[in-house]
Amino acid sequence: MLQRSRCASALCFGLLLMFTKSRRHSPLHGLPGHLQEGLQHRHGRVQSLSLETCGALGRLLPGAAHFAEVALGDCGLSEDGGRVKLLLHGLCSNTTVKSLDLKGNNLRTTGAEALGKLLRQNKSIRSLILEWNSLGVWEEGFSFFCQGLGANNFLQRLDLRNNQINHHGAGELAMALKRNASLQELDLRWNNIGLLGGRALLNCLQSNKTLKKLELAGNNVPSDILKAVEQAMDHNQDRQTILSETQHRTCVLSKEILNLKDEKTKQFLDLMDTIDKQREEIARSGRISAGRVSQLQEALNEQHSIMNSLKAKLQMTEAALALSEQKVHNLGELLSATKQEQANMAERHFAELQQQKQEGADREGKLFRDLSASNEKNLFLRNQVDELEKKCKVQQDQLFQLKQDLTNTTAELKLRAVQAEERLEMEKRRFKQSLEDMESLRLKEVDHLTQHMEASERSMQDRVQRLEAIRIALEEELSQVKAAALTERGHAEEELIKVRNQARLDEQQRLEHLEEKLQLMTEARDEAQNCCLKQKQMVGEAQVKANQLSLHADGLRRRIEELQQDLNSKEQEKVTEVNKVKVELQEQIGHLQAERTAQEGLREKIAALERQLKVLSSNHREALLDKEGEISMLMEKLRMKEADISRMREEEAQRASILQNAIMAYVQGSSLGTHSLRK
């Protein structure tokens, strides 16, 4: 009755409380009526669990309720083996129960077989308490239980106290422990394991490295075996701690390595993005510069074509000038001929005058007539001189117009210089914009690589200083170009003045020659002067156009040279930037290699630690082998002592039997004597 009351109390307060945690409504909801009636009794009035109740619980346990612990201790389940089978069959497919308590139920063969089946199929139970049972009485059932234990890889704690396990059962347990890799605690106190069972368990610990706690008190096991078992347990605990520490360290190192790899990949990708952006910018600037160069090349080609046409015109004018020079040469020859004729005529006139002087006064009338004719000729010459003065005035007006043309050309040159300055200012603005863009890109790169790009910031500052120096040099070159333009303008004005003076001198000389030859060559002189004036105008216009075109061509050449210098500077900057990027990449590659070497050092340290572990394990194994040899020697000594003890016991038993026989004979003899005396 006491045992049944314990069973009822455990069932009511164990199962029902856990069932109420898993359901919101009544704890008896979903159970059969007879089970509800049986479980509604009070703590002291429930007598026993019937077969139907165990079957209902077996049907409930597979998954109807989420139990984490099942406590069925001291319930007397050994009266009928079918009850244990029904309950444990329900637990075979359960996935929530973590702890099972079946102590004090006197389980034997059927219970051991059911437990073996449970251990084979269940994968959730971590703790199994089987204290105060009789599993070791029947060897076949306990061997089945041990087979299930060997096949289980989830159980961590097993309590087999007071189960009448002998040395054969201990051997079966040792075989199961060799295959089991999850059990950590095993309690075998107060059984009948003995010396042989202790040896079997000690031998199995050589292959089992997961068992941390093994209790063997109260089993008639020698103290040296207990010490060896404790040493084996300590060794397993140390091994588990070392393995856990090494696993933790390897996990930490692997995480650190992965983090480093991620950081380095991110940095490398950022660098590749910046390099790609710089390459795109360089390609874009190269395209723009190529477009500009192509435009300038087209303009140069046009200017070359214009220059070629002007050269052709100049050749035509030179040919015309050659023809005019030939005409002038012919006219000079005619003038020389006329001079000779005049000299001849003067000689003839002198001879005639001498003849006339000799002839006398009859020719004075004729001379007076000749004087009047000469006066008329003088008047005619004066009129011609006035006409020549008018022509000089016209030439002066033409010179004034030429001066005005020169002023216009100078104004145009000034306008072109202003336009060139505006273009230079536009280029400066563009250059400043490009500088600002480069500075913004540099700022972005500094934001991305604040820790690793301080050297790049210094290089960018040096680059800005170089660009400012280049800008200052360009401004100085512009000032030099302006000074050169002013000097060329002064040279051109001086050349014009020289040309004007030469023209004036030539005109004066020609006028003097023409005044001497007006009498004979008036008509030829007028035609020659008209031709010369026309040719001079053509030559002056051609020279002005040639000068303008030469100035324009010089400006374009200077512009092209400046653009080429800008392109060269930009190309140099690009080359320097590419070199700097290469240097930075090489530095980063060096850092990565250093980190790789550090990782290799860590790997070598890990390998060294593993080697140390292997050495320690080998040393430990050697120590274990030495200890095993010592243990074998001690075991042989123990056998010898046990043989001596058994012999002494036999002798003592013989002595005791002899004494007992003597006592019995004495007692019988004394009883017979007393009986005879009484008679």
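**Salt bridges in the predicted model**

Arg 559 and Glu 562 form a salt bridge, with their closest N and O atoms 3.8 Å apart; the term stands for a side-chain nitrogen of Lys or Arg within 4 Å of a carboxyl oxygen of Asp or Glu. Both residues belong to helix H12 (residues 518-678), where they sit 3 residues apart, about one turn of the helix. Helices (H or I, at least four residues) and strands (E, at least two) are DSSP runs, numbered from the N terminus. Glu 562 has a relative accessible area of 15% and is buried, a word used here for values under 20%, with exposed for those over 50% and partly exposed for those in between (1.4 Å probe, protein chains only).

This is a predicted model, in which local features need pLDDT of at least 70, side-chain atom pairs count only at pLDDT 80 or more, and totals for chains, interfaces and linings use all residues. Residues are numbered from 1 along each chain as its sequence is written, and side-chain values use heavy atoms, leaving out hydrogens and water.

Searching the whole structure gives 9 salt bridges. One of them joins the side chains of Glu 131 and Arg 161 at 2.7 Å, N to O. This pair links distant parts of the chain, 30 residues apart: Glu 131 lies in the loop between strand E3 (127-129) and helix H6 (139-151), and Arg 161 in the loop between strand E4 (157-159) and helix H7 (167-179). Glu 131 and Arg 161 are both buried.

Another salt bridge pairs Asp 187 with Arg 189, whose closest N and O atoms are 2.8 Å apart. Here Asp 187 is buried at 11% relative accessibility, whereas Arg 189 is partly exposed at 25%.
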